[in-house]
Amino acid sequence: MPFSPVKNLIATVADATPIQFEDWRKSWRTTVDAGSTEPLLTFVARERGVTEDAFVQKLAAALGWPYLDLPKLSIETEARNKISTKIAFQYSVLPTALENGTLQVVVSDPFDAAMMNAVKFDAHMPVQFALATKAEIEKALKKYYGVGAETLDEMGEAEPMDLDLAADKEITEDDQEASVIKFVNQIIWEAFKDRATDIHFEPAEDELRIRYRIDGILHQTPMPPQLKRYQAALISRIKVMSGMNIAEKRLPQDGRINVRIKGEEIDIRVSTVPTVYGESVSLRLLTRGKIFLSLDKLVLRRPRKTPSAKSSSNRTGFSSSPARRVPANPRPSTLS
């Protein structure tokens with residue numbers, strides 16, 4: 001679709017003039033050059049003063065596309081298998097239904113021609129597009145595929161290989177080693193984004209469970225089913241990052257990792273404990289920066305100055321009343 005019709009369409013949906021939209025687009029481009037990852041449609045909705053959800057619904061009606069409320073949908077595995085995990089995560093798209101030989105795919109940017117061509121090529125069948133917000137699509141991808149699913153698929157393509165690292169490790173398949181690093185980074189990134197304080201890697205007989213502690217409560221994170229196959233590689237990677245002995249698997253160990261996320265220094269304390277099904281790993285995320293909050297930020301009112309506050313108090317906490325004034329030269333009492 002040429003740029004002018006796109007500009008006019010978005011301006012119409014946003015109830016703005018093309019000139020105003022052009023100003024928004026220039027401002028958005030400036031923020032992108034500065035490092036922002038906010039999509040154009042989200043930026044326009046915020047500048048217009050409407051929610052992204054309402055804006056995308058209006059845009060879907062203008063395009064004649066269906067708008068999907070993803071939290072209320074139940075997506076079948078057959079539909080999800082029609083699109084590769086790599087394409088789904090790369091372009092933030094999600095197959096939602098398969099009816100009469102047509103695959104319905106929900107997207108967040110209807111003007112991305114490269115994304116639409118990639119989806120059509122990967123599906124090998126007719127595709128009907130639908131709209132939803134990018135945030136909802138990313139939540140659904142995590143729910144149905146798991147965190148780092150595309151990375152594990154890349155690791156699977158490098159088979160056969162067992163990444164059970166030793167002290168004198170030498171790995172020639174750089175792609176798979178990079179995938180292990182990427183997956184561990186994704187786990188830490190998701191924990192930071194969800195404001196988690198702890199990450200727990202808990203091996204079981206047939207799965208590797210990863211849980212985040214958020215606001216004091218442990219939440220199990222959706223993970224791809226094939227994660228158990230890479231348990232040794234992932235734990236070894238964490239031990240390398242924290243300076244532990246990767247050859248020692250029978251004794252508990254402690255270490256630490258220093259990382260920087262969005263310019264913020266994070267100190268990660270790592271501990272491993274051997275279990276029946278492998279080593280259990282716990283990561284404690286600590287922010288190095290000290291945050292000082294004022295009473296206003298804590299939503300606490302400042303104490304008001306009252307006359308009673310001026311009264312003196314002794315060390316026992318009891319307020320002292322002013323003593324009775326005694327004359328300098330008291331009159332002597334007379335006895336009759």
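Me: How many aromatic pairs does a search of the whole structure find?

Reply: Rings of Phe, Tyr and Trp (its six-membered ring) pair if their centres lie within 6.5 Å; planes under 30 degrees apart count as stacked, over 60 as edge-to-face and the rest as tilted. In this structure the search finds two such pairs. One of them joins tryptophan 65 and phenylalanine 129, which are stacked at 5.8 Å centre to centre with 20° between the planes. This pair links distant parts of the chain, 64 residues apart: tryptophan 65 is in the loop between helix 4 (52-63) and helix 5 (77-80), and phenylalanine 129 is in strand 3 (residues 127-131). Helices (H or I, at least four residues) and strands (E, at least two) are DSSP runs, numbered from the N terminus. The model is predicted: local features need pLDDT of at least 70, side-chain atom pairs count only at pLDDT 80 or more, and totals for chains, interfaces and linings use all residues. Residues are numbered from 1 along each chain as its sequence is written, and side-chain values use heavy atoms, with hydrogens and water left out.

Me: Is phenylalanine 129 buried or exposed?

Reply: Buried means under 20% relative accessible area, exposed over 50%, and partly exposed in between (1.4 Å probe, protein chains only). Phenylalanine 129 counts as buried because its relative accessibility is 6%, whereas tryptophan 65, at 22%, is partly exposed.

Me: Where do tryptophan 189 and phenylalanine 192 lie?

Reply: An α-helix has 3.6 residues a turn, so residues three or four places apart point the same way. Tryptophan 189 and phenylalanine 192 are both in helix 10 (residues 174-193), three residues apart, about one turn of the helix. Their rings form a tilted pair, 6.4 Å centre to centre with 35° between the planes. Tryptophan 189 has a relative accessible area of 34% and is therefore partly exposed.

Me: At what angle do the axes of helix 2 and helix 3 cross?

Reply: Axes are lines fitted to C-alpha atoms, for helices over the stretch in contact, and angles run from 0 to 180 degrees between N-to-C directions. For helix 2 (residues 18-33) and helix 3 (residues 40-48), the axes come within 10 Å and cross at roughly 120°. Angles under 35 degrees count as roughly parallel, over 145 as roughly antiparallel, 65 to 115 as roughly perpendicular and the rest as oblique. Helix 2 and helix 3 are therefore oblique to each other.

Me: Which residues of helix 2 and helix 3 meet?

Reply: Contact means heavy atoms within 4.5 Å. Phe21, Trp24, Arg25, Ser27, Trp28 and Thr31 in helix 2 touch Leu40, Phe43, Val44, Glu47 and Arg48 in helix 3. The residues of this contact comprise six nonpolar, two polar and three charged. Here Ala, Val, Leu, Ile, Met, Phe, Trp, Tyr, Cys and Pro count as nonpolar, Asp, Glu, Lys and Arg as charged, and the others, Gly among them, as polar.

Me: How do helix 3 and helix 4 compare in their crossing?

Reply: The axes of helix 3 and helix 4 come within 9 Å and cross at roughly 110°, so the two are roughly perpendicular to each other. Leu41, Thr42, Val44 and Ala45 in helix 3 meet Glu52, Phe55 and Leu59 in helix 4.

Me: Where is glutamate 279 placed?

Reply: Glutamate 279 is in strand 9 (residues 278-287), and its relative accessible area of 7% makes it buried. Beyond its neighbours within four places in sequence, its contacts include Ile235 and Lys239. Both Ile235 and Lys239 are among the buried residues of helix 11 (residues 231-241).
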